[in-house]
Amino acid sequence: MDTLVLYIRYLAISLRAQLAYRATFAMKTIGHLLVTGIEFFGIWALFARFRTLGGWQLHEVALLYGMVDVAFSLADGFGRGFERLGRLLKAGDFDRMLLRPRSIVLQLLGYELQLMRIGRFAQGIIVLGWASTFIAWTPATAGLAVVSILATACLFLGIVVLQATSTFWTIETLEVWNAFTYGGNYAAQYPMSIYQRWFQRFFTAVIPLVLASYYPARAILGRDELTVLHVLAPLAGFAFLAAMLGVFRLGLRHHASTGS
Amino acid sequence: MQIVVQDLAKTFRIAERAPGMFGAVRGLVRRRHRDVAALAGVSFSLAPGELVGYIGPNGAGKSTTIKVLAGILIPDGGRVEVDGRVPWRHRIEHVRRIGVVFGQRTQLWWDLPVIESLEMLRHIYKVPPDRFRTQRDELIELLALADFLDKPVRQLSLGQRMRADLAASLVHAPSILFLDEPTIGLDAVSKLAVRAFVKRLNRERGVTVILTTHDMDDIEALCERVIVIGDGTILSDGTLADLRKRVTRERWLTIDVADGSADTVADADASVIRRDGERVCLAFDPEIVSPAALIQRVTSRHAVRDLFVENPPIETVIARLYQR
Amino acid sequence: MMGYIAIIAARFRALLQYRAAALGGLFTQTFFGLVRIMILRAFYAAATVAAPMSLPRVVSYVWLGQATLLLIPWRTDEDVAEQIRTGNVVYELTRPLDLYGVWFARSLAWRTAPVFLRMLPMFVVAMVIVPLVAPGWELAPPASAAAFVMWVACFAGAVLISAALTALMNVTLMWTLTGDGVPMLVATCATMFGGLVIPLPLFPEWAKPVLYALPFAGMLDLPSRVFSGDIAATSAPWVLAHQLAWTLVLVALGRWLLSRGVRRLVVQGG
């Protein structure tokens, strides 16, 4: 409980620091909204010409897009500390975190909540809202949507955590990870059925995006009957994050042995 | 003994890059590594309440030792115990009881007023409210923080920031304090204030202090005991006076002549270190010629307006120690 | 002249250090390229009406876009930003080199070195490795020898536009100081109007005249279509003219803004 309160304090500090520069914050957020929004504009333009994608309509892809982008913005916003670990290590600021009698994961999660990510969050919500007007929601599917978004967010956060773990070995944050974070986000906006077999398998077994976002979306859209499996599938996202945090602890151990 | 260090050893592996264009291209294909022994058998013990200076040239192993003692670096060999605990095995409990100040980086939040940084630290260290209040008020008074308590750290001068950092490191009333270059870049007044505070902290509260610094005035002002480390081993461990005696018996006589004869000042038993306008500095061995005798000789030959005898600056002493 | 060459050489050397970053970036771009192609293939598969550009050409278009991605000015030059922020830019004015010229040279180096380092391996991946794994998905060879030659010329034109755009962005730092908003805006426009989100030929017909007129088309879209033959080699000189015109406009704008900015700085006292 006390840990949770402390975490909220960390977030409060971060928010106040960013809101102090109000004009910059507003500009950045709107800019972020535009940058992320053009992706959906591209989808809309393609549907305007081609009408369907693998049997999916625009509003169906929009649901998927909205859920995934909202999830990604959450992970992106809260995962800033992990994303910056490479820089913290180089600057020696990570040592200061080690000198505080608190869990490192807590401190990293509370480091610089990136408020600007609300830009992507907002356009995701807007798209999601538009898609919702075409969908017959039930309490079950609504609940599933929330769980799916949270699970997908945890999954993306897990990738960022893995990225941070790698910096214990390489120091420089490798661009490679963008393939899985931004690339994963991009790929998940579209129905997984359009991709090649090997691609689908990778994103089911290794990085379970399919389980966290695609299957729930199918159930919500009524393309599949809502079964227990659809409800259990998102749990893979939470499990993935837990596993990545475990690997992170190994990285901490390595760092303590080698310094940097 | 509060701090026990025995045969501490630590080796680092560093990647090497060849310079120039050709080396850069080769670096794309193959990386070379070099093993550096940062610590090669360091041993010392500290009793509670000691104020120790830990000095050495850059790369000697000072920060590596501090990191091990702080519990954030695991050594390759040797035994370390702080308050009966192995630092790196119980990071959180250990870190709860120590305070660390880095001269180069602040531990305060950049955009927060100082008072709020302290408040945040109270929560992080779980200090009970009333204990915190007394502690905080004392620190505010002792370090004269009242004037800038509500200013964000980024607006503080270096001297103010250092005082605030000292306060921050003591919010949880640790029994051991590590100070790494606490007076670096400070103006003279701030340096004196910091030294006075540390001395008082050590005398009145019995806080054990380990001070690493390149400023020898800090050492002379604060430390009775000085540990010198060089190339990963302890070169000297004892009082400042012992250190001076061990390395050199030399004394320096500085005179200001009044009759313009500075260029001719010389003595058979002394060597000239420096001539600067009217000022001449002579080095001599007090066992060969006593200070009184030398002064008498020089003043009989020249019109001396002012003179003083001193020990060589500690930097010279240390430099000689490293050269051995 | 030697001064400018020295600047370019120093940048090149610095960039060679980033070996892991180079491979990682290649991987990421290949990944994005493959995903984009999969998506476009899925769209084409169910298409009832013929698209303005055939699927093989679209595939090549995507790969070329990835290969020349670094032409887009994602960030402002940090050194220049620092100079402006601290006011040191005034010292630069006392040097015998023309300040805009120096900044243009820097931008040129900043663009050329990374682009080549990314483009050449990307070509290898897209033309050689991809067909081994996924035949039909590769970057097809240039439509003809003439097409290739014209493409090389157009690529040079694209680099010039990119450098002029970057230099212009750096000049705007004199007004914005923090330099976050402008690069984001420019990068967004370049991505969108350069055909990286969806290929320009797939845009609605009414938008095309405007899109093709913009400098972003000259930077990414037009050269790619010369390569694949979508724009005939005989029409390529028009592309070059388009690029040259925009380069001159951007350079003129940059020089003018710089002189205004310098005057403003001097008046303000740094």
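Which residues of α9(A) meet α12(A)? The tour answers this at its first stop, after a few conventions.

The model is predicted: local features need pLDDT of at least 70, side-chain atom pairs count only at pLDDT 80 or more, and totals for chains, interfaces and linings use all residues. Residues are numbered from 1 along each chain as its sequence is written, while chains are lettered from A and ligands numbered from 1 in the order in which they are written.

**First stop: two helix pairs in chain A**

Select residues 139-170 of chain A, helix α9, together with residues 209-220, helix α12. Helices here are DSSP runs of H or I with at least four residues, strands are runs of E with at least two, and both are numbered from the N terminus. In α9(A), the residues A:Thr141, A:Leu144, A:Ala145, A:Ser148, A:Ala151, A:Thr152 and A:Leu155 meet A:Leu209, A:Ala212, A:Ser213, A:Pro216, A:Ala219 and A:Ile220 of α12(A). Residues are in contact if their C-beta atoms, placed from the backbone, lie within 7 Å. By class, this contact has 9 nonpolar, 4 polar and no charged residues. Ala, Val, Leu, Ile, Met, Phe, Trp, Tyr, Cys and Pro count as nonpolar, Asp, Glu, Lys and Arg as charged, and the others, Gly among them, as polar.

Two packed helices are described by the angle between their axes and the distance between the axes. For α9(A) and α12(A), the axes come within 9 Å and cross at roughly 165°. Axes are lines fitted to C-alpha atoms, for helices over the stretch in contact, and angles run from 0 to 180 degrees between N-to-C directions. The two helices are therefore roughly antiparallel, a term for angles over 145 degrees; under 35 counts as roughly parallel, 65 to 115 as roughly perpendicular and the rest as oblique.

Next, select α3 (residues 58-78) and α8 (residues 118-132) of chain A, which pack at about 155° with their axes 8 Å apart. These helices are therefore roughly antiparallel too, and the crossing of α3(A) and α8(A) is left-handed. Among the contacting residues are A:Tyr65 and A:Phe72 in α3(A), and A:Phe121 and A:Trp130 in α8(A). The contact of α3(A) with α8(A) divides into 12 nonpolar, 5 polar and 2 charged residues.

**Second stop: where chain A touches chain C**

Show chains A and C together. Their contact takes 31 residues from chain A and 28 residues from chain C. On the chain A side, the elements giving two or more residues are α2 (22-50) and α10 (176-188). The largest share, 14 residues, comes from α2(A). That side of chain A comprises 17 nonpolar, 9 polar and 5 charged residues.

Turn to chain B, which is assigned domain 1 (43-245) and domain 2 (248-323); the bounds come from an automatic or database domain assignment. Look for the open sheet of 6 strands in the order β5-β6-β7-β3-β8-β9 of chain B, with mixed pairing. Strands count as paired if DSSP finds at least two bridges between them. The edge strands are β5 (98-102) and β9 of chain B, each pairing on one side only. Between β8(B) and β9(B), which run antiparallel, there are 6 bridges; B:Arg225 has B:Thr239 in β9(B) as its bridge partner.

Helix α6 (residues 158-170) of chain B lies across β5 and β6 of chain B, at about 160° to β5(B).

Select the strands β11-β12-β10-β13 of chain B, given in their order in an open, antiparallel sheet of 4 strands. At the edges stand β11 (270-276) and β13 (304-310) of chain B, each with a single partner strand, so one side of each is left without a neighbour in the sheet. The twist averages 20° from one strand to the next. β10 (residues 251-257) and β12 (residues 279-284) of chain B pair over 6 bridges, and B:Leu253 has B:Leu282 in β12(B) as its bridge partner. Helix α10 (residues 291-301) of chain B packs on this sheet, touching β10, β11, β12 and β13 of chain B.

Finally, show both domains of chain B. Their centres, taken over C-alpha atoms, are 38 Å apart, and 12 residues of domain 1 are in contact with 10 residues of domain 2.

Methods:
Contact = placed C-beta atoms within 7 Å. Left-handed = near helix turned anticlockwise from the far one by under 90°.
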